[in-house]
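Please work through the following exercises with the sequence and the model at hand. Each task is followed by a solution in steps.

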Amino acid sequence: MSVAPADTEVAHAEGVRRLLASYRAVPATESVRLAKPTSNLFRTRTKTRVRGLDTSGLTGVITVDAQARTAEVAGMCTYEDVVAATLPAGLAPLVVPQLKTITLGGAVTGLGIESTSFRNGLPHESVLEMDILTGAGEVLTVSPTENADLFRAFPNSYGTLGYAVRLRIDLEPVKPFVALRHLRFHSLSDLVTMMGRIVQTGRLDGVAIDYLDGVVFSAEESYLCVGVQTDTPGAVSDYTGQQIYYRSIQHDDGLTEDRLTIHDYLWRWDTDWFWCSKPFGAQDRRLRRIWPKRYRTSSFYSTLMKYEQRFRIGDRIEKLGGRPPRERVVQDVEVPLARCAEYLDWFLATVPITPIWLCPLRLRAASSGAAGSSDGWPLYPIKPNQTYVNLGFWATVPIGRHEGETNRLIERRVTDVDGHKSLYSDSYYSREEFDELYGGDSYRAVKTKYDPDSRLLDLYAKAVQRR
């Protein structure tokens with residue numbers, strides 16, 4: 001299968017030309033930024049009057065090679081568009097992050113995760129090569145053997161080492177349906193034990209598992225969601241309408257079963273932005289009946305969130321009720337499996353946020369052909385041959401005595417249990433802590449080499465200082 005290679009390659013070349021022209025138009029005294037219509041970052045940033053780089057021509061799928069099981073895509077191509085191009089060939093990216101508007105370039109430079117991560121690692125591990133626009137204004141091809149230092153340092157650099165212009169990624173075969181089992185646990189330690197067993201063996205009750213994630217509603221109510229691909233036809237559930245996926249998981253005891261098309265499984269979390277559509281009223285039965293289906297999507301909720309942040313709507317509502325403002329806690333952390341129950345116990349006792357999303361992951365073994373894994377990923381140095389669990393929690397809490405008090409508590413506790421925190425949201429580390437946790441020495445060496453005039457922002461300035 002090929003996706004009009006002649007036309008798409010010409011369009012991509014024109015997109016690169018426009019990108020470079022916009023780069024040259026940025027004054028030498030100003031930092032270079034992207035102009036993106038959507039973003040999955042949840043930290044405020046300093047406003048600038050300098051126009052961002054033109055990425056409008058870098059949004060498409062270039063080719064899909066069904067025989068080689070690879071896809072070549074532009075850096076601003078969304079996973080929604082990639083999946084639309086690959087599913088007809090019975091293929092999908094090895095990891096498909098949960099939200100349709102996440103771009104491949106964004107998932108690699110900012111990290112991504114999903115329910116295949118227990119067997120396929122993180123999105124950047126299935127990248128075979130990339131073209132990157134560096135701070136020096138050059139478009140360089142990087143791979144495990146070409147400009148390998150930039151290739152390895154690019155994940156978790158958040159655009160401070162360059163921007164992905166083109167990526168070639170591995171794909172894997174998928175079947176048309178996913179059979180789901182939702183296992184209820186009354187003990188977090190029991191859930192973590194079972195999760196570890198499935199990750200270690202790749203099986204449950206003798207059946208090979210394709211997808212694994214989970215949800216914690218309380219210390220006494222948690223679930224593992226286990227998925228198996230299947231060709232068997234039959235009735236499927238639809239969570240793009242009145243039914244809400246995360247509510248379908250809940251039951252009193254034992255397990256429940258469900259089925260989705262592979263397409264709807266990949267986007268099961270997007271319709272209600274996990275559970276974060278609730279504050280907007282989208283889960284109210286009366287309002288949901290008249291809420292247009294095209295607006296039940298993460299991209300629309302994200303737009304509403306931007307307006308909320310801009311006009312401080314939430315704080316105004318709290319003030320009208322005689323209450324203080326609330327602190328936003330929107331975070332994903334990676335905790336070693338062996339410390340996961342301990343961290344969850346602490347979190348539930350300390351932070352008034354539920355539900356919590358769980359997603360286990362392991363870096364891909366070098367012997368599996370994972371690009372660059374034998375040399376590690378210095379800006380997000382989680383250990384090989386060790387299982388971690390991503391914990392996602394997204395809500396607000398009562399404001400503390402100091403700015404970011406709850407976020408700071410979370411950061412410190414993550415470090416105490418030898419975990420890591422994603423940098424897409426608010427961070428409060430000192431420069432010294434940040435360098436120790438996120439490969440400071442390696443980062444500076446690559447930064448000096450590929451961005452000698454510091455045209456791109458520094459990672460600490462961007463992630464912590466919110467520039």
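The exercises below concern one arginine, its surroundings and the salt bridges of the model.

The model is predicted, so local features need pLDDT of at least 70 and side-chain atom pairs count only at pLDDT 80 or more, while totals for chains, interfaces and linings use all residues. Residues are numbered from 1 along each chain as its sequence is written, and side-chain values use heavy atoms, with hydrogens and water left out.

**Exercise 1.** Determine where R413 lies and which residues it contacts beyond its neighbours within four places in sequence.

*Solution.*
Step 1. R413 belongs to helix 13, residues 405-416; helices (H or I, at least four residues) and strands (E, at least two) are DSSP runs numbered from the N terminus.
Step 2. The relative accessible area of R413 is 21%, and the residue is partly exposed. On this scale, buried means under 20% relative accessible area, exposed over 50%, and partly exposed in between (1.4 Å probe, protein chains only).
Step 3. With neighbours within four places set aside, R413 is in contact with E342, Y343 and W346, where contact means heavy atoms within 4.5 Å.
Step 4. Y343 is 70 residues from R413 along the chain, yet their C-alpha atoms are separated by 7.8 Å.
Step 5. The side chains of R413 and E342 are joined by a polar contact of 3.0 Å. A polar contact is a pair of N or O atoms within 3.5 Å; within protein, one must be able to donate a hydrogen and the other to accept it, and residues adjacent in sequence count only if both atoms are side-chain atoms.

**Exercise 2.** How many salt bridges does the structure hold, and which parts of the chain does the pair D54 and R18 link?

*Solution.*
Step 1. The structure holds 27 salt bridges, each a side-chain nitrogen of Lys or Arg within 4 Å of a carboxyl oxygen of Asp or Glu.
Step 2. One of them joins the side chains of D54 and R18, at 3.5 Å from N to O. This pair links distant parts of the chain, with D54 in strand 2 (residues 53-54) and R18 in helix 1 (residues 5-25), 36 residues apart.
Step 3. D54 is partly exposed at 26%, and R18 is partly exposed at 28%.

**Exercise 3.** Is R401 buried or exposed, and with which residue does its side chain form a salt bridge?

*Solution.*
Step 1. R401 is exposed, its relative accessible area being 74%.
Step 2. Its side chain meets that of E405 in a salt bridge of 3.9 Å, N to O.
Step 3. E405 is partly exposed, with a relative accessible area of 23%.
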